[in-house]
Amino acid sequence: MTEELLIEKLNTERKREALDFQQIFVYVVKSEIVKVFKDKNIFFKEELKLRESNNIKEKDYGIEIVTDNLSIFDIVDILNEKKNSLSIKIGKVSTKGNKIFFISSLGVHKAVFTIALENRDKIIYTERRTIFDFVSEKEIEYNIFQSEEMAVLLIIDILKKMEFCNDMDSYLKLYNLLKEVALDGRKIMSILEEKTENDERLVGKSLELKFNQFKGFRNNKYLKQNWKRHIRKIKEEKKSWEEVYDLILSFVTPIIQNRIENNIFIDSWMPELGRFLD
């Protein structure tokens, strides 16, 4: 499909859905990246959706991926190998740390995109998702981290950093996950046990002491200031620290309590209710 035909198709979709073209453009870039890594051992850290708000943020121009057998140089090679076959234009690909940068363009629309890479020793818990490809007009499958594993990893990060958490991204990611995704309590407990069984800080009495301390974080001035600074920095819609903390506390309390007591927990998290349902 020529660039002109694709732009025409996207403009039709934009008008039909009352969207800004930049929203469609960002979505198309992500669907093209999915095609680049199709059949590769690549897992996306979140579901790729068409953003309904016209307020496109800096983070929307990025994708986070995870792999257990590819280096950042492998990812760059794959991207360079496939980029000329895409329906969008991708310029020079560069790297810094664990991030890949490239300029993507479609007609007069242009933006710098990033791909953040995380390497893990072993990836077990994954799910299949689909993203609509405007070029082929078909759904394309891709792999994401299982939502329950993401939730556990965020909980662990929060409990390890405790009041010394400077980067509040784990709080924001967990909050957004809890607002959007139903979660299986049995899976969460199984993954949490697997991830923490060899970490003395996150089992038994040590976990209980940490959690008792965590329950007092609602009024922690340092964390509250860090939260305000974080959402201002990333230009996130304003959410109060208390709102975010209260939802996370509601989520982690039965999980941690049952983990401390070595109990079975099978309730399901309902995002529309903001609590577990047995």
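Predicted model: local features only at pLDDT ≥ 70, side-chain atom pairs only at ≥ 80, totals over all residues.
Helix α4 covers residues 147-161 and helix α6 covers residues 185-196; their axes lie 9 Å apart and meet at an angle of about 50°. That angle makes α4 oblique to α6. The crossing of the two is right-handed. On the α4 side, the residues that take part are Glu148, Glu149, Val152, Leu153 and Ile156, and their partners in α6 are Lys187, Ile188, Ile191, Leu192, Lys195 and Thr196. Sorted by class, this contact holds six nonpolar, one polar and four charged residues.

Helix α6 also packs against α9. Here the axes are 11 Å apart, and the angle is about 60°. Because of this angle, α6 counts as oblique to α9. This crossing, too, is right-handed. From α6 come Ile188, Met189, Leu192, Glu193 and Thr196, while α9 supplies Phe251, Ile255, Asn258 and Arg259. The classes in the contact of α6 with α9 are five nonpolar, two polar and two charged residues.

The next topic is the nonpolar cores. The largest one contains 47 residues, and the members that touch the most others are Tyr171, Leu174, Phe214, Phe251 and Ile255. Two or more residues of this core come from each of α4, α5 (169-180), α6, α7 (204-214), α8 (221-233) and α9 (241-260). Which helix gives the most to this core? The answer is α9, with 11 residues. Another core, of 43 residues, lies apart from the largest one, and its members include Val28, Ile72, Phe102 and Ala111.

Lys99 belongs to strand β5 (residues 99-106). With a relative accessible area of 37%, Lys99 is partly exposed. Not counting residues up to four places away in sequence, Lys99 touches Ile72, Ser94, Ile115 and Ala116. Lys99 and Leu202 are 103 residues apart along the chain, and 30 Å separates their C-alpha atoms. Glu64 sits in strand β2 (residues 62-67). Its relative accessibility is 29%, so Glu64 also counts as partly exposed. Beyond its neighbours within four places in sequence, Glu64 is in contact with Phe43, Phe44, Lys45, Ala116 and Lys173. Between Glu64 and Trp241 there are 177 residues of separation along the chain, and their C-alpha atoms are 25 Å apart.

Finally, the backbone deserves a look. Most residues other than glycine have a negative phi. Against that background, Asp39 stands out with a positive phi, near 70°. Asp39 is part of the loop between α2 (21-36) and β1 (43-44). Is Asp39 buried or exposed? Its relative accessibility is 74%, so Asp39 counts as exposed. Glu137 likewise has a positive phi, near 60°, although this residue is not a glycine. Glu137 is placed in the loop between β7 (126-133) and β8 (138-145).

Notes:
Residues numbered from 1 in each chain as written. Heavy atoms only, no water. Axes fitted to C-alpha atoms, helices over the stretch in contact; angles between N-to-C directions. Helix = DSSP H or I, 4+ residues; strand = E, 2+ residues; numbered from the N terminus. Parallel < 35°, antiparallel > 145°, perpendicular 65-115°, else oblique. Left-handed = near helix turned anticlockwise from the far one by under 90°. Contact = heavy atoms within 4.5 Å. Nonpolar A, V, L, I, M, F, W, Y, C, P; charged D, E, K, R; others polar. Core = buried A, V, L, I, M, F, W, Y, C linked by side-chain atoms within 4.5 Å. Buried < 20%, exposed > 50% of the residue type's maximum accessible area, 1.4 Å probe, protein only.
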